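Please look over the protein shown here before reading on. The briefing that follows takes a few residues and then the sheets.

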Amino acid sequence: MKNQDEFYAGTKLETVETDKKKSKGLNCWHRQVAEAMERRDLVEGNMRQQNIQRTQCRERVQSALERVRQVAVKDRNVKFTALMHQVYSHDTLEMAYFSLKKDATAGVDGETWRHYSENWEGNLKDLSERLKRGAYRAKPVRRSYIPKADGKQRPLGVPALEDKIVQRATVEVLNVIYETDFLGFSYGYRRGRSQHDCLDALYVGIKTKGVQFVLDADISGFFDGISHEWMVKFMEQRIADHRVIRLIQKWLSAGVMEKGEWRPSEEGTPQGGSISPLLANLFLHYVLDLWVQQWRRTQACREVVVVRWADDFVVGFQLKSEAVQFFKELRERFEKFGLKLHPEKTRLIEFGSFAMENRRRRKQGKPETFNFLGFTHVCGKTRNGMFTVIRKTIKKKMSTKLQEVKAELKRRMHEPVPDVGFWLRSVIMGHNRYYGVPMNLQSLRSFRFQVGRYWHHSLKRRSQKHRITWERMRKLIRQWLPLPEVCHPYPLKRMGVIT
């Protein structure tokens, strides 16, 4: 293991242990909160009282964790020595259990949420006792695959039900600490932060900070390449309760079950578990975020704009020399922690307010574009001739979604027209809610038109004798398919309200 200076590679974080009196006082307070929590038995079948108790349960958990959050905010270097009792608290486990999806796929044990609910109080009590005495054992995750837009398959891990519960409870506790540490340009998988917040921050940064060069970066196989050894060292900067760290190590080393065969997992964290997004943010917080913040304070002479969503991040520069230097040092930084930039998806391009004019003068054509969070970002101009960033739906993503709609229409071919129309309405509305950003109306219209065309083709195939006319088809489209709608304000307005 490298020494601490090499470990932080220019981003030195001094961690200071709290004195014994302070730790003892904090631990005593936690024990008092844990001991003060008393539960009331439910009246069987009374759903209203159950809902009331779940609300009270959530309030008690949040009240207990508020003290932890206050300590984390007050001292950024304190190490928490007593957190495990917050995880195995019956209230925390109950809140985690009822926050899970009821129809989610079962893990290797075949246990479902509905079967577990037949005796959920007794099951959670048994789970709490096993966590308390250290008898809890993590089960392997069941490996499954989902198709990606580029034709490849993304591996997903499906944890067992009790692993999901404990992971959700652990995330609830650790988020209170790490939300005070994570930096402002980190948006992925964080409460109160959406993709559109990230997109708007990027738009405003490029438009107002004089960005002329953009590094569009993607980490190759990030979730499968996370080092367990580094992860533990990063956690130890804030977590001194070794029971919590051992709990996370159990999930990291539980292995993968694929086609009936168990395979060990010496590195990486499977996508699909509740703990994976938090661990990913934690890993990149120390490897990337703190280093970027230090770099632009000490190395950059001009403005540097950064936004990150999980393992996808974009960095904007005013000077090409700084962009090239950052790109080189970023590769070296990642190599120290076992990460690599994707060779095809990582590019340094000229993009900004003067890119169109500079490339026209050099006879190099239009500026290049880059993709981020489902949108293709293009250099453009407003009606007044001012520079702006135009965001369009990525063509591959739209094509993939349309193919899914086409396949589903084929499956629903003989269902009643109102049922199919109701489903298509939900598809169009969901598409509009995400992609309905200013200056993207043309893409929304194209999506709606293609959905209507596929629906017409599906209806024509229902019968060889009766052909549906376009006059009737237009009525169905007007009745069931919502018109394109811009659902999001201009980024400058939204960011102005936020700031």
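**Briefing**

T269 is located in the loop that runs between β5 (261-263) and α13. Helices (H or I, at least four residues) and strands (E, at least two) are DSSP runs, numbered from the N terminus. This is a predicted model, in which local features need pLDDT of at least 70 and side-chain atom pairs count only at pLDDT 80 or more, while totals for chains, interfaces and linings use all residues. Residues are numbered from 1 along each chain as its sequence is written, and side-chain values use heavy atoms, with hydrogens and water left out.

**The surroundings of T269**

- T269 has a relative accessible area of 3% and is therefore buried; buried means under 20% relative accessible area, exposed means over 50%, and partly exposed lies in between (1.4 Å probe, protein chains only).
- Apart from neighbours within four places in sequence, T269 is in contact with F223, I226, L252, S276 and L279, where contact means heavy atoms within 4.5 Å.
- The side chains of T269 and S276 make a polar contact at 3.0 Å.
- A polar contact is a pair of N or O atoms within 3.5 Å; within protein, one must be able to donate a hydrogen and the other to accept it, and residues adjacent in sequence count only if both atoms are side-chain atoms.

**The chain as a whole**

- The protein chain contains 20 helices and eleven strands.
- Of the 499 residues in the protein chain, 50% are buried.
- The accessible surface of the protein chain is about 26,500 Å², and carbon and sulfur atoms hold 48% of that surface; areas come from the Shrake-Rupley method with a 1.4 Å probe, and for residues only the protein chains shown count as cover.
- Among contacts in the protein chain with a separation of 6 or more, 73% are between residues 24 or more positions apart.

**Cysteines**

- A disulfide is a covalent bond between the sulfur atoms of two cysteines.
- The structure holds zero disulfides, counted as pairs of cysteine sulfur atoms within 2.5 Å.
- C301 counts as exposed because its relative accessibility is 69%.
- C379 counts as buried because its relative accessibility is 10%.

**The loop residue R76**

- R76 sits in the loop between α3 (47-74) and α4 (84-87).
- The relative accessible area of R76 is 48%, so this residue is partly exposed.
- Leaving aside neighbours within four places in sequence, R76 is in contact with T180, D181 and R238.
- The R76 side chain reaches the backbone oxygen of T180 at 2.9 Å.
- R76 and Y178 are separated by 102 residues in sequence, and their C-alpha atoms are 9.9 Å apart in space.

**The four-stranded sheet**

- Strands of a sheet pair through backbone hydrogen bonds, either parallel or antiparallel.
- Four strands form an open sheet in the order β6-β7-β3-β8, with antiparallel pairing; two strands pair if DSSP finds at least two bridges between them.
- Its edge strands are β6 (304-309) and β8 (347-350), each of which pairs on one side only.
- From one strand to the next, the twist averages 15°.
- Helix α9 (residues 195-208) packs on the sheet and touches β3 (213-218), β6 and β7, with its direction at about 165° to that of β6; axes are lines fitted to C-alpha atoms, for helices over the stretch in contact, and angles run from 0 to 180 degrees between N-to-C directions.
- Helix α13 (residues 275-298) lies across β6 and β7 and runs at about 175° to β6.
- β6 is joined to β7 (residues 312-317) by six bridges, and the two run antiparallel.
- R308 has F313 of β7 as its bridge partner.

**The three-stranded sheet**

- Another open sheet has three strands in the order β9-β10-β11, with antiparallel pairing.
- β9 and β11 are the edge strands, each pairing on one side only.
- The twist averages 40° from one strand to the next.
- Strand β10 (residues 375-381) is largely enclosed by the rest of the structure, because five of its seven residues are buried.
- Three bridges join β9 (residues 370-372) to β10 in the antiparallel sense, and F370 has H377 of β10 as its bridge partner.
- The hairpin of β9 and β10 has two residues between the strands, and L373 in the turn has a positive phi of about 55°.
- β10 pairs with β11 (residues 387-393) over seven bridges, also antiparallel, and the bridge partner of T376 in β11 is K392.
- Five residues lie between the strands in the hairpin of β10 and β11, where G385 takes a positive phi near 85°.
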